Amino acid sequence: MCRIGDSVERKDYLTPPRLSSIIENLDTIQPETHHVHEALRKSRDYWYRLTSLADAYRDSGLNLQYTDPSHPLHRTPKFHGRPKTTYICPYGVSLAYFLCMQASSTWKLVGDSDCDSIEKERIVDALLKIGTNAAIPYCFYGNVFNSWIGTTEEKNTGPNYWGILAIGWCYILSARLVEIQGEGAMMHYTTSGIDYGEDSRNIPETDTIDIGESDENVTRWWYAILARNEGWKAIVKRTPKSDFLAPWAVSRTCETCFTISQKIKLSNSLYTPLTSDEAFEALAKFALLHGLGSQFPIALMTAVTFPTHQYYGSTVQLPFPRATGGKQPTAPMDVIPSIWSSQRKRYLTT
């Protein structure tokens, strides 16, 4: 069994074998039997190391640095304001239409690379999705990550609210895009799945989510996050045929009933939706209240991937919120960690 630190101490530990090197100096096209055996040996060795490391993480938790979203989003460019030209087109196998802008990505080979590619730099044109005319369906029936292994620094058993955090991040990302779009874009709550009365706690199979003490605006936001169907709408552009929503617009399809442990009696008056900064603070305080630790940044990465489900026409399946199945930091956190704030600044600014 490999040690968890091996992948950090040895940079080549998880580097895939370069199988082309086996025959690169030979004057032959078809590899011989011993070449095939050597390639098989290298491949087996690589996959053994990979699965051994995964098994070690399952028992001991992830290294804290691996929960940092900056690894997969290291080179993600910032979104520079409202696009001048947009296009409406189909997307994948989905029946929905999408609002897109022209974009491109530049791929470069840097440093000493074993890549066999001849091109050292390649520019790929693409259409960047910035809106959809249909929300992404999701439910809390997923079995994946029902038990979150946490990090090596998280040993205490705690709640698993990963799914709720992911929906909160979807709102934050949507609100920020509306703010960037400016004129013509708008955010508003819906009345879907909202019950302001105390009777909601007497409904069978109703799960109560503790959001701590909060004012009416934050409480109203939580009703939108936990609502069935669409709890909010983030409209980035209106056309004669359809409103286009932010790419992270979601709609809950499962019948689970949620209520919140909020003592304030809500009225039917209108509420102004929280800004992206206000929603971030509300979600971060919820994570602190329940000691969710590494679930917070992992939920951000989960939310970022939501639009890919619409490409394949699939429903996002999130783990059911429950009081067990998660890990908590050994030392409780009283303030929002600086790394969480830095993630907001990194990914939610223009």
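**Entry 1: Gln65.** I looked up Gln65 and found its place in the loop between α2 (33–60) and β1. Helices here are DSSP runs of H or I with at least four residues, strands are runs of E with at least two, and both are numbered from the N terminus. The model is predicted, so local features need pLDDT of at least 70 and side-chain atom pairs count only at pLDDT 80 or more, while totals for chains, interfaces and linings use all residues. Residues are numbered from 1 along each chain as its sequence is written, and side-chain values use heavy atoms, with hydrogens and water left out.

Is Gln65 buried, exposed or partly exposed? Gln65 is partly exposed, with a relative accessible area of 39%. Buried means under 20% relative accessible area, exposed over 50%, and partly exposed in between (1.4 Å probe, protein chains only). I also checked Gln65 against Thr151: they are 86 residues apart in sequence and 9.1 Å apart in space, C-alpha to C-alpha.

**Entry 2: the core.** Next I looked up the largest nonpolar core, which has 67 residues. Such a core is a set of buried Ala, Val, Leu, Ile, Met, Phe, Trp, Tyr and Cys residues joined through side-chain atoms within 4.5 Å. Trp169, Tyr171, Trp221, Trp222, Trp232, Phe296 and Phe306 touch the most other members. Helix α3 (residues 162–181) gives the most to this core, with 13 residues. I noted that in soluble globular proteins nonpolar side chains tend to be buried together.

What does Trp221 touch? Leaving out residues up to four places away in sequence, I list Gly168, Tyr171, Tyr189, Leu274, Ala279, Ala282 and Leu283; contact means heavy atoms within 4.5 Å.

**Entry 3: aromatic pairs.** I found 15 aromatic pairs in the structure. Rings of Phe, Tyr and Trp (its six-membered ring) pair if their centres lie within 6.5 Å; planes under 30 degrees apart count as stacked, over 60 as edge-to-face and the rest as tilted. The rings of Tyr161 and Phe286 have centres 5.4 Å apart and planes at 35°, so I put this pair down as tilted. Tyr161 lies in the loop between β5 (154–160) and α3, and Phe286 in helix α5 (residues 276–290), so the pair ties together parts that are 125 residues apart in sequence. Tyr161 is buried at 8% relative accessible area, and Phe286 is buried at 1%.

Trp221 and Trp222 form an edge-to-face pair, 4.9 Å centre to centre with 70° between the planes. Both are buried. I recorded one aromatic cluster made of Tyr161, Tyr171, Trp221, Trp222, Trp232 and Phe286.
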